[in-house]
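Please look over the sequence and the structure shown here before reading the points that follow.

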Amino acid sequence: MIIFDTSEQMMPHKSNDRFSKLGIYGVQGVFIILFLLLSPVYYLNKWDFKRHKKRKPFYTSKLVRLQERYPVFYELAMYVQNFPIPRNVYKVLPPLRGDVLQVGCGTGLLNKYLRKQKDIRFLNMDPNLNALKLGKKWGRFDAYIHAFIDKPTSLSEHCCDMILFARSFHHIRHHKKAFIESSRLLRDGGSIIIADPVVLKSLSGSKTESGYMANSSIDGVIWRFTKESLIAHIEHCLPAELKIESVTETRQVHVTNYNLFVPQTDIVVVLRKREAV
Amino acid sequence: MITKIIEIIAEIKEDPSLVNKLNESSDLTHDAGMDSLNIINFILRIEEEFDIEVDFDHFSLEHLQSVQKFSQFIREMAASV
C-alpha cells in the first residue's frame, strides 16, 4: 500500500502561509456567523431528535427527513457546509474516465462539476428517489439507478471501469456487502475511489480505535472514522480480489473541515481490482 | 442464538466478563449498560452475524428489555426476509 500524505500541500510554503492562515480564519469566522444564524433551527431539531431517540435509537431527525424529501435543502446544506467554494471538494478526486458508477450521486453535483469531460460515462446510483428525480429534472443526468450498493443490484457484472464513492461511503450500512457488489460490477483491473471526510480525532471514547456508526441529528445514521480507523475498516471489509493502492489526505479550507466543534479532513482511498490471470 | 447475542453484547461493550454475567432475562440497556451508540453498532453486528436486515423505523428500545425478547425480534426479522 502506498500512502501519500498531502495534508501540508494546502498550507505549504512560507510565501503562502499568511494567505492560508487568513483563509482558515475566514472560514472559521463564517462558521461562527452561520452557526449563530442557524442555531435556532439546529437546536430545535436537536431537541426533537433527542426526545425521540430515547425510545427509538434510529429515529430520523426532522432536518434529515426534510432533506430526503426535498433534496433542494440537501444542496443548500452542501453549499453551506463546503463554503466558500463547494465544488472544490471534488478537486481531490483522481482523474475519472470510462464507465464510472457513481454511488450516492444524489442530485448530480459531481455530474455538474464534470459536465465538460466527455470521456466519462456516468452510471448514477442513489437510494433516494427524490434526489434522483431532481437531478434528472435539472438535466444533470439522463438516467439513474435507484438502488443500494450493499444489496444486489440489477446492473450486469463487469459493467464499469471505476466505482466512485464521493462523500457517500459513510452513509453505507454494510461495507463488506458493498465491496462484494462493487467487485462484481467492476471490470478486472478497475478501481474503486472512496473520497470521504474523516474526523481528526476519535469521538467515540472507545478503548479501541475503530470506526463506528452513530445517529446524527443533521446527517442520519452514518459511520464516523478517523483516517487510521477508515483504512483499518476498509482493509477489514475487502474481498481478496480488491487491494488498497493509495491513500491521500488533503485538508481543504472549507467550513466543515475547520468547524470549531469537530475538525475534519478529506481522505481519498483508491482500491484496485486484481487483473484476471 | 441467545449465547451468540450475549457474545456480541460483550464484544460491543468491550467487556468479556458480560458473557458470564448476562442471561436470557437480562435487560440490554440496564444490565448490559448499552447506550444509544452501542445499540446502533450492536444492531449492525447482529445484522452481519445473522444475515438479516433490521427495519430502523420499526425498532425501539422495547425490543431490548431482555435478551429473550430481542432474540424473538431477530427471529421475526429473519422470517420476514
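This is a predicted model: local features need pLDDT of at least 70, side-chain atom pairs count only at pLDDT 80 or more; totals for chains, interfaces and linings use all residues.

Chain B has four helices and zero strands, and 12 of its residues are in contact with 15 residues of chain A. The largest nonpolar core has 41 residues, and a second, separate core has 20 residues.

**Chain B: overall form**

- Read from the N terminus, the elements of chain B follow the order α-α-α-α, in keeping with a secondary structure of four helices and zero strands.
- The C-alpha trace of chain B spans about 35 × 20 × 20 Å along its principal axes.
- The radius of gyration of chain B is 11 Å, which agrees with the value near 12 Å that a compact globule of 81 residues would have.
- Of the 81 residues in chain B, 26% are buried, and among the contacts in this chain with a separation of 6 or more, 57% come from residues 24 or more positions apart.

**Chain B: packing of H1 and H4**

- Helix H1 (residues 2-13) of chain B packs against helix H4 (residues 67-80) of chain B at an angle of about 110 degrees, and their axes are 10 Å apart; because angles of 65 to 115 degrees count as roughly perpendicular, H1(B) is described as roughly perpendicular to H4(B).
- On the H1(B) side the residues are B:Ile2, B:Ile5 and B:Ile6, which meet B:Val67, B:Phe70 and B:Ser71 in H4(B), and the residues of this contact divide into five nonpolar, one polar and no charged.

**Contact between the chains**

- The contact involves 12 residues of chain B and 15 residues of chain A, and the side of chain B that touches chain A consists of seven nonpolar, three polar and two charged residues.

**Nonpolar cores**

- In the largest nonpolar core, of 41 residues, those with the most contacts inside it are A:Val100, A:Leu101, A:Cys160, A:Ile163, A:Leu164 and A:Phe165.
- The second, separate core, of 20 residues, includes B:Ile5, B:Ile12, B:Leu22 and B:Leu28.
- Leaving aside residues up to four places away in sequence, A:Ile163 touches A:Leu101, A:Val103, A:Ser182, A:Leu185, A:Leu186 and A:Ile192.

**Chain A: helices**

- In helix H6 (residues 175-185) of chain A, the buried residues are A:His175, A:Ala178, A:Phe179, A:Glu181, A:Ser182, A:Ser183 and A:Leu185, and what covers them includes strand S2 (98-103), strand S5 (160-166), strand S6 (186-199) and helix H7 (227-237) of chain A.
- The axes of helix H3 (residues 71-81) and helix H5 (residues 129-137) of chain A come within 9 Å and cross at roughly 80 degrees, and H3(A) and H5(A) are therefore roughly perpendicular to each other.
- A:Pro71, A:Val72 and A:Tyr74 of H3(A) make this contact with A:Asn130, A:Ala131 and A:Leu134 of H5(A), which by class gives five nonpolar, one polar and no charged residues.

- A:Ala195 is found in strand S6 of chain A and is buried, with 23 other C-beta atoms within 10 Å, where 20 or more is the criterion for a buried residue.
- Not counting residues up to four places away in sequence, A:Ala195 touches A:Val92, A:Leu93, A:Phe165, A:Ala166, A:Arg167, A:Asp266 and A:Val268.
- A:Ala195 and A:His170 are 25 residues apart in sequence and, C-alpha to C-alpha, 9.8 Å apart in space.

Methods:
Residues are numbered from 1 along each chain as its sequence is written. Chains are lettered from A and ligands numbered from 1 in the order in which they are written. Two residues are in contact if their C-beta atoms, placed from the backbone, lie within 7 Å. Ala, Val, Leu, Ile, Met, Phe, Trp, Tyr, Cys and Pro count as nonpolar, Asp, Glu, Lys and Arg as charged, and the others, Gly among them, as polar. A nonpolar core is a set of buried Ala, Val, Leu, Ile, Met, Phe, Trp, Tyr and Cys residues joined through C-beta atoms within 7 Å. A residue is buried if 20 or more other C-beta atoms lie within 10 Å of its own, exposed if 12 or fewer, and partly exposed in between; C-beta atoms are placed from the backbone. Axes are lines fitted to C-alpha atoms, for helices over the stretch in contact, and angles run from 0 to 180 degrees between N-to-C directions. Helices (H or I, at least four residues) and strands (E, at least two) are DSSP runs, numbered from the N terminus. Angles under 35 degrees count as roughly parallel, over 145 as roughly antiparallel, 65 to 115 as roughly perpendicular and the rest as oblique. The radius of gyration is taken over C-alpha atoms; the globule rule is 2.2 Å times the number of residues to the power 0.38.
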